[in-house]
Amino acid sequence: MNAFDWLVFAVYFGAVVAFAWHQSRKNQGVEGFFLANRRLGWGAIGLSVMATQASAITYIGTTGQAFDDGMEFVQFYLGQPIAMVILCVVFVPFFYRSKVFTAYEYLERRFDAKTRSLTSFLFLVSRGLAAGIVLYAPAIVLSAIMGWDERVTILVMGLITVAYTIMGGITAVIWTDVLQMIVMLAGIAIAIAVLFATLPDGVGVGDVAYIGGIHEMWRSIDLSWDPTNRYTLWSGLIGGLFLALGYFGTDQSQVQRYLTARSLRESRLSLIFNAFVKVPMQVFILAIGVLLYVFYHFERPPLVFNSAEAALVRESPRASDFSALEAEHGRTHELRREATLDLLAARRAGDDPRGLQGRIAGYDDELEQLRDASKALVSEVRGSSSNDVNYVFPSYLIAYVPAGILGLLIAVIFAAAMSSLDSELTALSSATVIDFYRRHVKPEGTDAHYLLVSRLATLAWGGFAVLFALYAGQLGSLVEAVNEIGSIFYGALLGVFLLAFLMKRATAAGAFYGLIFSMITVLIVSRATEIAWLWYNVVGTAAVLLVGMALRGREPPESAAAAG
């Protein structure tokens with residue numbers, strides 16, 4: 001990044017923080033800190049809900065995922081629009097009319113205190129781990145750009161985000177989300193435009209679509225019923241539906257947002273907005289990954305996209321082996337490039353392309369083998385594994401994006417990361433203070449006391465996120481890691497809320513023991529089978545409902561009638 005990039009970065013980032021801080025001054029007390037005094041409109045909430053999910057992981061992890069596997073990951077999002085409709089009809093009215101601070105506070109009114117505490121505890125564990133991954137994502141970008149150690153970057157980013165969240169509360173978080181989401185949408189368009197502009201002369205949209213097509217990178221629908229297949233139409237529509245219901249309907253980081261609305265109608269509109277916009281946005285982000293795959297048929301890709309790891313190997317005793325791999329990689333890429341250009345010429349001339357397609361497929365296999373060999377070499381030298389796919393998009397930005405635009409795109413990634421992290425921190429803090437501290441430790445404290453404890457809880461969870469982020473680089477694809485961790489927990493959480501909302505005869509014992517049985521079942525399934533992680537959400541929900549039905553009472557509890 002040059003001086004102009006840093007100027008763009010600083011101006012953008014400073015403007016976002018200043019605007020958010022200005023908005024947060026309207027907060028009053030604990031309700032203001034956690035729920036913005038329930039005064040926000042659907043537009044701000046809708047963009048905030050979207051931005052919280054569309055973190056830096058979306059830019060980094062999803063593009064890298066598409067670079068390796070094509071558009072198939074879009075199936076993951078297919079159940080989300082259906083989930084939003086269900087949430088508007090079933091979940092949101094219960095939460096909004098109950099006037100709760102946290103989703104889990106409602107469960108004590110419906111069941112008992114131990115069910116509330118257990119569900120809140122499961123949320124704290126799952127989102128505490130996810131917050132670490134969210135923090136790790138921008139560290140990849142900065143380490144790739146500046147050559148800094150990721151650990152230093154994690155510490156700096158963590159400290160800045162924690163300080164900002166402690167000062168601003170949920171209002172600052174939401175308005176930061178709004179601005180960064182608008183710029184993120186613009187950033188998607190800019191990234192696609194820059195990719196097409198950096199393609200060789202004469203290579204157009206049709207050529208890109210053709211090259212991606214012959215490699216099946218645009219194939220997005222898999223009709224297989226194989227439960228070990230990660231991304232299929234059915235895992236997306238069924239497993240993805242359950243995951244979206246669990247995430248948007250039981251995760252405090254999302255429920256907290258529509259609790260800030262000034263009316264039930266505004267809460268519902270914020271979710272309907274996401275139902276229409278989220279999937280198209282993800283299609284475009286995945287398309288960036290496919291475009292990068294096509295782009296590197298013409299430009300030589302790095303053998304290792306993480307420049308810091310490549311430098312580490314070059315300074316190690318295995319440097320000569322790495323140089324040999326790079327030389328072979330360069331030769332093979334040049335052969336593939338020539339074959340790709342010949343293929344496009346043959347296509348324009350109407351000649352039979354099958355022979356050239358076979359040659360390119362052979363070169364693809366050779367390049368993949370060389371990448372695998374380089375990954376093994378990096379892991380040996382580094383002493384731990386890492387997934388190079390997370391560095392594909394940052395590497396491209398550094399090498400090919402013009403000055404000024406680079407600063408803007410980097411600002412988008414950083415703002416996205418900080419916005420998602422502060423969202424996690426406010427949710428973790430609210431669950432800690434409302435569900436545990438105020439409920440079990442000091443029920444009669446003053447508003448000022450709870451506000452102080454809320455800020456201390458935010459600081460503590462920020463420290464936890466930093467510590468876990470130091471490990472996150474070994475988790476593989478970040479976008480998969482954060483959702484796989486969530487899928488261990490969301491089925492259980494969703495199941496107990498479905499018991500609360502839909503089964504009037506459900507008992508506290510059924511909910512509590514159903515949660516425990518569900519977590520044990522999902523952990524066994526995840527360790528003992530090859531079932532894809534999206535299905536964990538279905539398994540977890542079914543396990544809770546099974547126990548809840550077995551232990552249901554004969555008469556509807558009075559609390560259920562009151563809650564409904």
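## Aromatic contacts

Y106 and F501 are both buried (buried means under 20% relative accessible area, exposed over 50%, and partly exposed in between, with a 1.4 Å probe and protein chains only). The model is predicted: local features need pLDDT of at least 70, side-chain atom pairs count only at pLDDT 80 or more, and totals for chains, interfaces and linings use all residues. Residues are numbered from 1 along each chain as its sequence is written, and side-chain values use heavy atoms, with hydrogens and water left out.

Across the whole structure, a search finds 30 aromatic pairs. Rings of Phe, Tyr and Trp (its six-membered ring) pair if their centres lie within 6.5 Å; planes under 30 degrees apart count as stacked, over 60 as edge-to-face and the rest as tilted. The F94 and F501 pair is stacked, because the ring centres are 4.5 Å apart and the planes stand at 25°. F94 belongs to helix α5 (residues 80-98) and F501 to helix α19 (residues 478-502), so this pair ties together parts that are 407 residues apart in sequence. Helices (H or I, at least four residues) are DSSP runs, numbered from the N terminus. F94 counts as buried because its relative accessibility is 17%; F501 counts as buried at 9%.

F501 also pairs with Y106, and this pair is tilted, at 5.4 Å centre to centre with 45° between the planes. Y106 lies in helix α6 (residues 103-110) and F501 in helix α19, so the contact ties together parts 395 residues apart in sequence. One aromatic cluster is formed by F91, F94, F95, Y104, Y106, F123, F497 and F501.

## Salt bridges

The structure holds 20 salt bridges (a side-chain nitrogen of Lys or Arg within 4 Å of a carboxyl oxygen of Asp or Glu). One of them joins the side chains of R127 and D251 at 3.2 Å, N to O. This pair links distant parts of the chain, 124 residues apart: R127 is in helix α7 (residues 113-146), and D251 is in the loop between α10 (233-250) and α11 (252-258). R127 counts as buried because its relative accessibility is 6%, and D251 counts as buried at 0%.

R318 and E380 meet through their side chains in a salt bridge of 2.6 Å, N to O. Here too the pair links distant parts of the chain, 62 residues apart, with R318 in the loop between α13 (307-314) and α14 (319-349) and E380 in helix α15. R318 is partly exposed, with a relative accessible area of 27%, whereas E380 is exposed at 52%.

A further salt bridge joins the side chains of E31 and R38 at 2.9 Å, N to O. E31 counts as partly exposed at 29% relative accessibility, while R38 counts as buried at 15%. E108, R116, D435 and R439 are linked in a network of salt bridges.

## Surface charge

On the surface, D365, E366, E368 and D372 gather in a patch of negative charge. Patches are made of residues with over 30% relative accessible area and no salt bridge, with like charges joined within 9 Å. E368 is found in helix α15 (residues 354-382) and counts as partly exposed because its relative accessibility is 36%.

Methods: Patch = residues over 30% accessible without salt bridge, like charges linked within 9 Å, V, L, I, M, F, W, Y side chains within 5 Å. Areas by Shrake-Rupley, 256 points an atom, 1.4 Å probe, with all protein chains shown as cover. Lys, Arg positive; Asp, Glu negative; His and termini not counted. Charge placed at Lys NZ, Arg CZ, Asp CG, Glu CD. Helix = DSSP H or I, 4+ residues; strand = E, 2+ residues; numbered from the N terminus.
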